[in-house]
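Hi,

Here is the structure I promised to pass on. Have a look at it first, and my notes on what turned up follow below.

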Amino acid sequence: MIVPAGTQPFAALANTTAPKIAPKIAPTQIDAGGVRSEDAYTLGAGDRIRIDVFRVAQYSGENQVLVDGTVNMPDIGSVSIQGLTLAEAATAISKRYSRFLRYPTITVTLVAPRPVKIGITGEVNRPGTYTLATEGGSLPTVTRALQTAGGITQSADLRQIQVRRPRAGGGDDIISVDLWEFLKNGDLRRDITLRGGDTIVIPTASEINLAESRLMASVSFSADRTQSLNIVVVGEVYRPGPYTVTSTARTGAAGVPGGAGGGDRTPTITRAIQVAGGIKPLADIRKVEIRRLTKTGIEQKIQVDLWSLLKAGDIQQDVILQDGDTISVPTVTTITPSEATQIAAASFSPDTIRVNVVGEVRQPGVVQVPPNTPLTRVLLAAGGFNTRASQGSVDLVRLNPDGTVTRRTIGVDFALGVDESSNPPLRNDDVLIVSPSTISTVSDTLGTILGPLGSFFSIFNFFRIFGF
């Protein structure tokens, strides 16, 4: 056995044995609520390590694991350490040096881990394959990987996440990760570190919990809340159809899509309705439905009660949207005047509706008023009756949803409150016709008849005065 110059065996070194191989954690499948100890790090191409040979400084130093999984060492050449733990790599190198050294003691330290290549599938916005670099020498974790993949969707089940880790001899270890427990208690053991070749599977929740949904939208590994969403709004809104919803939507006039507003807010169902021009007077806001297509191709249905949002301030009902959602606003069968007034004042109702007032008012033309404004107030907004008006009644012309047109005569009493029969709330594009009074009609008729005679007598007087 050759001993390098400058080294002398001594009793302590003679009693030193080669490092023992650390037992590798056996492949396990554990419950989602459990916490799994971290597997020992296994070496691979790109890792930078430091190898220290006790009492032999010339053999010590930093090395990079080559693409074939080997390191080059003085006098012994290439040593394969691919897939070995640090302790196992030290043992492999120690065995090679045992031909030259008596009782070699080797220490292997990880200086800079290699980038980790992983796969992510399921309820994330951009599933696929990613290469994650180390930060400050620390390995990437599950939450960091989710951030890289564009964040979780609103359909993600954070309690049942799986990390599939390939075994050296074939097959996979399946590690269950409960990130909901991590969010609730800050237990960092739940946010496990990843290894090259890991696959993260984010399952789809069986149902959407509205309370948890808002928390999920605010975590660091959620989707970017300022990102525009492509959604569809159908039913009792003024302009149904596809829209791009941002975090700064605002309501416009009835039938006019909402535009940009101030603030940085998460796109929600009320903002989508605002962009679609607001709800119509007969919208059933207690039974609004969101249809959502999950990553597995299954459609989820989320029931939303916006009346509870208005009356009780239940913010959970203002559901946070995700790309591809379809919002359906049904038609109500009956609605009380008091409810109609409250709904008309909601932020997701249009700011104004247009009513055309024609005939004998002081300011005829299109009048913009809040939704569900009663007939008498619209007349006042048009300046009220002029001196020629028939003030007993007006005609209301309305275009119905089925395409038919109705016309009815309604008596006018400014002392009445909102009443569907005697003082109805008006809708967008209604027309009020104010007819002239009987006296005005007779006067106009006489003026029409006597007009030519008046012109004749005027000409006759002209000739008589000037002597023609």
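**The mixed sheet**

Five strands make up an open sheet with mixed pairing, in the order E7-E6-E10-E8-E9. Strands here are DSSP runs of E of at least two residues, helices are runs of H or I of at least four residues, and both are numbered from the N terminus. Two strands pair if DSSP finds at least two bridges between them. The edges are held by strand E7 (128-132) and strand E9 (172-177); each has a single partner strand, so one side of each has no neighbour in the sheet. From one strand to the next the twist averages 25° (axes are lines fitted to C-alpha atoms, for helices over the stretch in contact, and angles run from 0 to 180 degrees between N-to-C directions). E6 and E7 run antiparallel and are joined by five bridges, with Ile120 opposite Gly128 in E7.

Before you go further, two words on the basis. This is a predicted model, so local features need pLDDT of at least 70 and side-chain atom pairs count only at pLDDT 80 or more, while totals for chains, interfaces and linings use all residues. Residues are numbered from 1 along each chain as its sequence is written, and side-chain values use heavy atoms, with hydrogens and water left out.

**The chain as a whole**

The protein chain has ten helices and 20 strands. Of its 468 residues, 44% count as buried (buried means under 20% relative accessible area, exposed over 50%, partly exposed in between, with a 1.4 Å probe and protein chains only). The chain exposes about 23500 Å², and carbon and sulfur atoms supply 54% of that; accessible areas come from the Shrake-Rupley method with a 1.4 Å probe, and for residues only the protein chains shown count as cover. Of the contacts with a separation of 6 or more, 61% are between residues 24 or more positions apart, where contact means heavy atoms within 4.5 Å.

**Cores**

The largest nonpolar core has 49 residues, and those with the most contacts inside it are Tyr97, Ile118, Ile120, Leu146, Leu158, Leu179 and Ile200. Helix H2 (residues 86-97) gives this core its largest share, five residues. By nonpolar core I mean a set of buried Ala, Val, Leu, Ile, Met, Phe, Trp, Tyr and Cys residues joined through side-chain atoms within 4.5 Å. Leaving aside neighbours within four places in sequence, the contacts of Ile200 include Ile118, Ile120, Val142, Ile161 and Leu194.

From Ile152 to Gly122 is 30 residues in sequence and 9.0 Å in space, C-alpha to C-alpha.

**Another set of paired strands**

Strand E11 (residues 229-235) pairs antiparallel with strand E12 (residues 241-245) over five bridges, and a hairpin of five residues joins E11 to E12. Leu229 has Val245 in E12 as its bridge partner. E11 also pairs with strand E15 (residues 326-329), in the parallel sense and over four bridges; there Val234 stands opposite Ser328.

**Salt bridges**

There are 17 salt bridges in the whole structure, taking a salt bridge as a side-chain nitrogen of Lys or Arg within 4 Å of a carboxyl oxygen of Asp or Glu. One of them is Asp47 with Arg114, whose closest N and O atoms are 2.5 Å apart. This pair links distant parts of the chain, 67 residues apart: Asp47 is in the loop between helix H1 (11-14) and strand E1 (48-53), and Arg114 in the loop between strand E5 (106-112) and strand E6 (116-122). Asp47 and Arg114 are both buried.

Arg167 and Asp173 form another, at 3.0 Å between the closest N and O atoms. Here Arg167 is partly exposed, with a relative accessible area of 38%, whereas Asp173 counts as buried at 7%. Finally, Asp187, Arg189 and Arg190 are linked in a network of salt bridges.

Cheers
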